[in-house]
Amino acid sequence: MSTIPVSDPPAGVHSLWRLRGYLRPYVPALVVMAAAAVGAVALSIAIPLVTRALIDGPITDRDVSGVLPLGLLALALGVLEAVLVWVRRWVQSNAVLGLETDLRRDLYARLQELSMGFHSHWQSGQLLSRATTDLSAIRRFSGFGLLFLVINILQLTVVTIVLLTMYWPLGLVVALAAVPIIWLSMRFEKAYVVVSRRVQDEQGDLATHAEEGAVGIRVIKSFGRSEHVSRRYEEAARRLQATSMDKVRLSARFWTFLEVIPNLAVVVVLLLGAIGVGRGALTPGELVAFITLLLSLVWPVSSLGVILAMAQEAMTAAARILEIFDTEPDIVGGTRTIAEPRGHLRFERVDFAFPDAPDEPVLRGVDLDLRPGETVAVVGATGAGKTALTALVPRLHDVTAGRVTLDGVDVRELDLGHLRRLVATAFEEPTLFSMSARENVTLGRADASDEDVESALQVAQAGFVHDLPWGLDTRIGEQGMALSGGQRQRLALARAVLVRPEVLVLDDTLSALDVHTEKLVEQALASVLGSTTALVVAHRASTVMLADKVALLQGGTITHVGQHRELLETVPAYRELLAADADPAEVPGVVA
Amino acid sequence: MSAQSPESPQSPQSPQSPQSPERSSWRGVAEVDDVEARERELAGRLGSGSRRLLGELLRPYKRAVQLLVLVVVVENAARLSIPYLVKEGIDTGIAPIRRDDDLVPLLTIVGIMLVATLTQAVARQVFLVRSGRIGQDLLLEVRRRVFRHFQALSPAFHDDYTSGRVISRQTSDVDAIYEMLETGFDGLVTAALTLIGTAGLLLFLDVELGLVALLCGPFLAWLTNWFRKASADSYRRTREKVALVIVHFVESMGGIRAVQAFRREPRNQEIFDDVNDQYRAANLHAFRLVAWFMPGIRLIGNVTIGVVLLYGGYLAFHGDVTVGVLAAFLLYLRAFFEPMMEISQFYNTFQSASAALEKLAGVLDEEPGVPEPTDPVPVREARGEVRFDHVVFEYAPGRPVLPDLDLVVPAGQTLALVGTTGAGKTTLAKLATRFYDPVAGRVLLDGTDVRRLSSADLREHVVMVTQENYLFSGTIADNIRFGKPDATMEEVVGATTALGAHDFIAALPDGYETDVANRGGRLSAGQRQLVAFARAFLADPAVLILDEATSSLDIPSERMVQRALRTVLAGRTAVIIAHRLSTVEIADRVIVMEHGRIVEDGSPAELVAGGEGRYSDLHDAWLASLA
């Protein structure tokens, strides 16, 4: 969860503007919203004016008949204002949430299209913050910020004009005071965003420590290092505390400022206004209206700065989201399909390097032929490129030179869905999702019948799922039942077998199984492997025994292909990798 | 999330509560759902646990809190005096100007207003900073306590509680309290004082008009109460739905390889659209509540102002109230309704903070299952004799995993434990390291019951390495030094060289300084395990327990570890649990376990020599598998 700072892409109004298409379905709603907002603002200006009329008219003139209509008018306007606020909020909620939901849906869809090359250098946390924090920033601005940016400027202008006409010296004071307040609140908001980000980062660091303390608890206990990790945690917590205090001090200054400003304004207006009334330049009703109107400006003025900063944030967020929308998927399917797939898999002079390290080739000139129904084991030291080799078949990565063909067709020319239906992989590190066991097993074939699921579980020796509290409906994964490494691998195997692929790829799928279970799985697998082309990564002799032939991968190329016994006898490097009894003299049990 | 050993107590015993019908079927059912449901009920209630915790935390700040109360009262008094002063200004300041251009009364009032404004500013600043300080101190203390308490709780507790919940206690729950301190606390205090102060002032200004204005009280109370209840519910639902969105998003992206390899995209999109829409609906509900509440308050406020104008106008007409009083009323009513709007914002934060506090208090009340001895027996030099004296152990009552284990491992012996999954091997290891305490009987180190040793002493002398080779963030050297923080670089290199791990570490881009968090993903399981071994070797314990420690290694690495193990194990007691007999072969003695009992005991050669028996069978099968 460590936060690697990623520099934000350049942001500007154009970033937001490019997302305008998402607002299109809500244009009528936006119009209603704007109309309601303008109406409400007009009314909030009108009510103090009615008050003034009441004070200066009937009360001063002692005209009791005038009190009732003006009072009722004020009442009616007040009710109408509340109704308009309701209309605005009601319409707004639907529109902005629709916008946010649509954007999030498309973001997710695009991310699913992007290849492993993209995902391997983006942490899921960074992607998540785009799907949550950034989208909320855009939602807040498009629903609230944009509207009030316009409304507030409008309200500010209108009220200032009203004030100026009412009593110009006071109006001038108000108009001049607005500028520094807007500027200050904008500056504050920017500083606030910076310090908030810092707090967030440090909270992230602290979360990493909490995570280590939880996940690593057995290691910590084993070594009796609780004190050490506690101190590390406390250091991080203290840093966070200090930053949080910076934030507290900053916002304390700002809020104090915001509360004091209107009171100061009232003091000035009272002083000048009362003198004005005393000298007959202003009526008492006008003075009261003046003060009320002035106070009604406090929020629009101070929020203008906040809204401007909000706009900035939304632009950055939009740019960060566009960065993903603008990334074109680099692995795109072709159009061809194989009508009658036989499962003939060939690697032809295949080169491969990971996209983030193009100068470090992982595979060089790999040639390998898997005839239909044949099982080939790939053996090699850690880092020899075995997993990379398996990833090329379903095009999780693409070759950098050469080609991989299935039944004579380059996999890059095949429809991607079609290709991945023909090829199924069971990974060494099986990914389980926080879903039911059934959903996890039927990942590649949602319409599998219970019988199919049952027989796949049988092959993978994964019958243990029936003993889970709710059987196949038990949620597994992070948010559910924890399974052992061996159990997870068996589920991953069942998942791959269930698809009934033409080509089955087993990437060291049995490494976490105990000897006994491994034997059972191998026996059951034999029936599947008889009819399916299989590429099996292995680091145990027992797994290699499943294969018809073995390919030895060394330094990115295949150096030997042959029978297990043959290689064991003739190739020392192979012997080094697979023969556990390489130094019989050191193993007393064997000597005896 | 850690892999669970098959022997762990979390293995299901019996079906729990029935599946509730409304759950989406893809999600499946889990016990956590019930736990979450129970935790949900806690929301918004301050139970005895959290009240006690809060009291305990606040005790050192008693004086400071008293002072703050004073400051906040002064601040509010100053703030509320402004409209009153406006009234005075209009009623008594204007007449002298009209009469004989006498500015003194007005200037006096304006002067008082300035002082009040200044007082308010200073008091507010002091209050915000001081209360922020206390809040942050409390938060630090809560974090400190919770982390340390989790560290003190036994692995058995952690097995049950799961790391996910341990983490969320320390992140989202503590953050909920942070949130409340940051936004809610100040708002709540100010709103309460404003409400009371304003009501009092209205009555003071004019009893009759004040009573009329306060007629809005019941409506306000009703609306706020309705909103409080409705929004608590809706807020909780929103949290749940956003959690679903986040989990599905993160898991899809984290497992993108499997997603793409299995053409899972359309189904994932379907599920995501579903949770995304559920989140939208929950949010919409929440937004609409506010869409009723906010204008509702506005309506009550505007109607009250209208009524005050009508009735006030009537009274003013009769000369019963002055224009100044009317103006003050309008200003006070404004101040009266504004904080009501804000209440809607911080009620939710208050709600989740109180729930979080209750959960944290619950954790802190948890007693460590493996308590520290009150009167520990000091250990200087451990020889390393481990003895199980009629040990009985069960995870679930009535289902003993070890019915009666009697075993002595002499100092310096290398003992291998062999047996099927569930035979009790890992349990034995966990008892020796005191991850658990036996139900009956004793575990002794050099003749002393391990329950009488301080955990610092015990952990120094007994170390366990499991297949779960967790690496902490930091450099590789940091990780190797984990068991012995003061080790020099020479010692670190010495350890890795003895284990044959030096070469691959030195070949990494930054060698020993390579950051595990960034580059650790590139370490293979075998390499990580070698680092874990080096960590144990450097710690130099008298007793070393290896639980399946070599199972994830490939053969060359295993062979390397095998050779290293001779070095590592020389001169210390070792208990090795392994499925693969290649690891077992270096043992002085082998014990075969079945259903928690020892069924065979002897040197590997002896057990094989007999030609029959379980170990001999296993050995034959193993030789066959090497082929």
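In this predicted model, strand S4 (residues 440-445) of chain B is joined to S5(B) by 2 bridges, and the two strands run antiparallel. One pairing can be named: Leu444(B) has Asp449(B) in S5(B) as its bridge partner. These strands belong to an open sheet of 4 strands in chain B, ordered S2-S1-S4-S5, with antiparallel pairing. At its edges sit strand S2 (400-409) and strand S5 (448-449) of chain B, each of which pairs on one side only. In general, strands of a sheet pair through backbone hydrogen bonds, either parallel or antiparallel.

Let us step back to the layout of chain B. The chain is divided into domain 1 (47-365) and domain 2 (386-626). Taken over C-alpha atoms, the centres of domain 1 and domain 2 of chain B are separated by 55 Å.

Next comes the place where the chains meet. Chain A puts 145 residues into the contact and chain B puts in 148 residues. On the side of chain A that touches chain B, helix H8 (residues 226-278) of chain A gives the most, with 28 residues. Here is how the residues on that side of chain A divide by class:

| Class, side of chain A that touches chain B | Residues |
|---|---|
| Nonpolar | 76 residues |
| Polar | 44 residues |

Now for a helix in chain A. Helix H15 (residues 515-531) of chain A has 17 residues and reaches 25 Å from its first C-alpha to its last, close to the 24 Å expected at 1.5 Å a residue. H15(A) also bends, by about 35° at Leu525(A). Leu525(A) is one of the buried residues of this helix, along with Thr517(A), Glu518(A), Val521(A), Val528(A) and Leu529(A). An α-helix has 3.6 residues a turn, so residues three or four places apart point the same way. What do the buried residues of H15(A) pack against? Their partners in chain A are strand S3 (375-380), helix H13 (450-459), helix H14 (485-498), strand S8 (533-537) and helix H16 (541-544).

Finally, a single residue in chain A deserves a visit. Arg349(A) lies in strand S1 (residues 345-352) of chain A. Is Arg349(A) buried or exposed? Arg349(A) counts as exposed because 12 other C-beta atoms lie within 10 Å, and the cut-off for exposed is 12 or fewer. Leaving aside residues up to four places away in sequence, Arg349(A) touches Gly365(A), Asp367(A) and Gly402(A). The C-alpha atoms of Arg349(A) and Arg364(A) are separated by 7.3 Å, with the two residues 15 residues apart along the chain.

Key:
Residues are numbered from 1 along each chain as its sequence is written. Chains are lettered from A and ligands numbered from 1 in the order in which they are written. This is a predicted model: local features need pLDDT of at least 70, side-chain atom pairs count only at pLDDT 80 or more; totals for chains, interfaces and linings use all residues. The expected span of a helix is 1.5 Å times one less than its number of residues. The bend at a residue is the angle between axes fitted to the seven residues ending there and the seven starting there. A residue is buried if 20 or more other C-beta atoms lie within 10 Å of its own, exposed if 12 or fewer, and partly exposed in between; C-beta atoms are placed from the backbone. Two residues are in contact if their C-beta atoms, placed from the backbone, lie within 7 Å. Ala, Val, Leu, Ile, Met, Phe, Trp, Tyr, Cys and Pro count as nonpolar, Asp, Glu, Lys and Arg as charged, and the others, Gly among them, as polar. Two strands pair if DSSP finds at least two bridges between them. Domain bounds come from an automatic or database domain assignment.
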